[in-house]
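Q: Please take me through this structure one feature at a time. For each feature I would like the general idea, then the case at hand.

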Amino acid sequence: MTVTYESAIGRYEPVFGLETHVELGTRTKMFCGCGTTFGAEPNSQTCPVCLGLPGSLPVVNRRAIEYTIKIGLALNCSIASWCRFARKNYFYPDMPKNFQISQYDEPLCVDGYLDVAVGGKTVRVGIERVHLEEDTGKSLHVGGATGRIQGAEYSLVDYNRAGIPLVEIVTKPVPGTGFLAPEGAKAYVTELRDVLRTLGVSDVRMEEGSLRCDVNTSISPRGSGSWGTRTETKNVNSLRSVERSVRSEIARQAEVLDGGGRVIQETRHFHEDTGVTTSGRSKEEAQDYRYFPEPDLVPVAPDEEWVKAIAATLPELPSARRARLIESWSLSELEFEALRNAGALDVVEATIAAGASPADARKWWLSELARRANDMGIEVSELPITPAEVARVAELVAAGTLNDRLARQVIEGVLDEEGTPDEVVAARGLAVVSDDSALLTAIDEAIAANPDVVARIRSGRVQAVGVLVGAVMKATGGKADAARVRQLIMDRLS
Ligand SMILES: [Zn+2]
């Protein structure tokens, strides 16, 4: 590609949109009692219903309806008081019935929004619909180099996933984000994932496919006032890929338009290794699927009382939590983002609850502990130190028992499983030397060893005292309170 993203975005205005599929974390499937455990022996979680055998009849999973209503409410949608499932007809080997039970013109939730922070601003992403359907099985193509069906010797089909409840969340087109469009698409999926995780309706593991995104992108010449033809990039399976696929698709479409061509409405595949999309198939129209109301299921009619009861169980959502924490911890948006991106919100909140100040809690989790977690390749929350222990270290620093340098050693000891902070202080002998007489011995030695420095201080160049403080800190193995040492030296020399 010769057109760069930067050059493309200067001349074209992008619009993006997302269709996100989320596997619900229900214990059983959407229309039968089969289990939903990830990674189980192939075809061990199947029955006549999810295998589509003749004569079997589906029954709606009430918990899946409840979860979908929860999602709809969290995304500020209206909840339908009456809706039906529909058959979406198409043939594919991983779909044993030759149709998918989905929702078409009567989705369970419609017309909501999700507010997303992008580049320090809030972008309101409109939600077109949230509907419920069943997932398909999984094909495994064996014998080829690429894992695709081309060149494979044979294919295997695993129907364990067929019939797992799948929610599809479709945004309205999102215009107006300009240069930040790729970041905006990623921020939306990140926020949505946080919402779903907070609701407890899915494990939202992109790497296991329980959260999957199709990303729509279009561009039009700046100032043209119209929108271009969109393409749909399928199954983008990481947050980073959401951003990269929008970026790459904007540059590719710009190159097509620059050359006098036109963008074709089609599905495209994103390639992790090269960071570009390639053509898939031309996009089907809704009529190709011959949708019709599913005759084997009664309509779903959630009554108002039930919806109210579900609304009453909603936990504090990420946006409300962000507003609360920014206010109560006196943070800027960027400071909040840093904490969230470090995965440190929960541990910092717990550390503050255990008695540390917000500033101390942030300081330790974002510096020393973030560094250690990074070295170990784990999340900060997985470190072998509890928020209460971090709060105790902060308390020991505030009380003057530890300075920052010693506190780092205490944390290191706790992480190495030498015990609690107090046990590490005792075992390693890390407490600050607060006994002035012990310090004065070291101070007198430093003064005697550095007559030239003493002369400079006495002639008014007070900053030279740093040399003497350094010598005393060295002599005490870093266990002195530097401010106290400075004071004692100045008293000695006055
Ligand atoms: Zn089944």
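Q: Against which helices do the buried residues of α10 pack?
A: Packing is read from contacts (heavy atoms within 4.5 Å). The buried residues of α10 pack against α9 (358-366), α11 (387-398) and α12 (404-415). Helices (H or I, at least four residues) and strands (E, at least two) are DSSP runs, numbered from the N terminus. This is a predicted model, in which local features need pLDDT of at least 70 and side-chain atom pairs count only at pLDDT 80 or more, while totals for chains, interfaces and linings use all residues. Residues are numbered from 1 along each chain as its sequence is written, and side-chain values use heavy atoms, with hydrogens and water left out.

Q: Which residues of α10 are buried, and what follows the helix?
A: Burial is a cut-off on relative accessible area: under 20% is buried, over 50% exposed, and in between partly exposed (1.4 Å probe, protein chains only). In α10, which spans residues 368-376, the buried residues are Glu368, Leu369, Ala370, Arg372 and Ala373. After α10 comes Gly377, with a positive phi near 70°.

Q: Where do residues other than glycine have a positive phi?
A: Val204 is one case, with a phi of about 40°, and Ser330 is another, at about 55°. Val204 sits in the loop that joins α3 (181-199) to β10 (211-221). Ser330 is in the loop from α6 (318-328) to α7 (333-341).

Q: Are Val204 and Ser330 buried or exposed?
A: Val204 has a relative accessible area of 3%, so it is buried. Ser330 has 61%, so it is exposed.

Q: What is the accessibility class of Ala455, and how far is its C-alpha from that of Leu493?
A: Ala455 belongs to helix α15, residues 451-458. Its relative accessible area is 46%, which means that Ala455 is partly exposed. Ala455 and Leu493 are 38 residues apart along the chain, and 9.9 Å separates their C-alpha atoms.

Q: What are the protein donors of the zinc ion?
A: Donors are N, O and S atoms within 2.8 Å of the metal (3.2 Å for Na, K and Ca); water is not among the atoms, so sites may look incomplete. Here the protein donors are the SG atoms of Cys32, Cys34, Cys47 and Cys50, at 2.3 to 2.4 Å from the zinc ion. Along the chain the donors follow the spacing C-x1-C-x12-C-x2-C. Both Cys47 and Cys50 are buried.

Q: What is the geometry of the zinc site?
A: The ideal angle for four tetrahedral donors is 109.5 degrees. The four donor atoms of the zinc ion make angles of 99 to 116°, and the site is tetrahedral. Four donors count as tetrahedral if all angles lie between 85 and 135 degrees; four count as square planar and six as octahedral if opposite donors are over 155 degrees apart and all others between 65 and 115, and anything else is irregular.

Q: How is strand β9 covered?
A: β9 runs over residues 165-171 and is mostly covered, with seven of its seven residues buried. Pro165, Val167, Ile169 and Thr171 are on one side, Leu166, Glu168 and Val170 on the other, and both faces are covered.

Q: Which strands pair with β9?
A: Two strands pair if DSSP finds at least two bridges between them. Strand β1 (residues 12-23) is antiparallel to β9 and joined to it by five bridges. Thr20 has Ile169 as its bridge partner in β9. Strand β6 (residues 121-134) also pairs with β9 in the antiparallel sense, over seven bridges. There, Val170 of β9 stands opposite Arg129.

Q: What is the strand order in the open sheet of three strands?
A: The order is β4-β3-β14, and the pairing is antiparallel. Two bridges link β14 to strand β3 (residues 86-89). Arg87 has Phe292 as its bridge partner in β14.

Q: What do the totals say about the protein chain as a whole?
A: The radius of gyration is taken over C-alpha atoms, and the globule rule is 2.2 Å times the number of residues to the power 0.38. The protein chain has 30 Å, whereas a compact globule of 494 residues would be near 23 Å. Along the principal axes, its C-alpha atoms fill a box of roughly 95 × 55 × 50 Å. The chain contains 17 helices and 14 strands, and 46% of its 494 residues are buried. Among contacts with a separation of 6 or more, 69% are between residues 24 or more positions apart.
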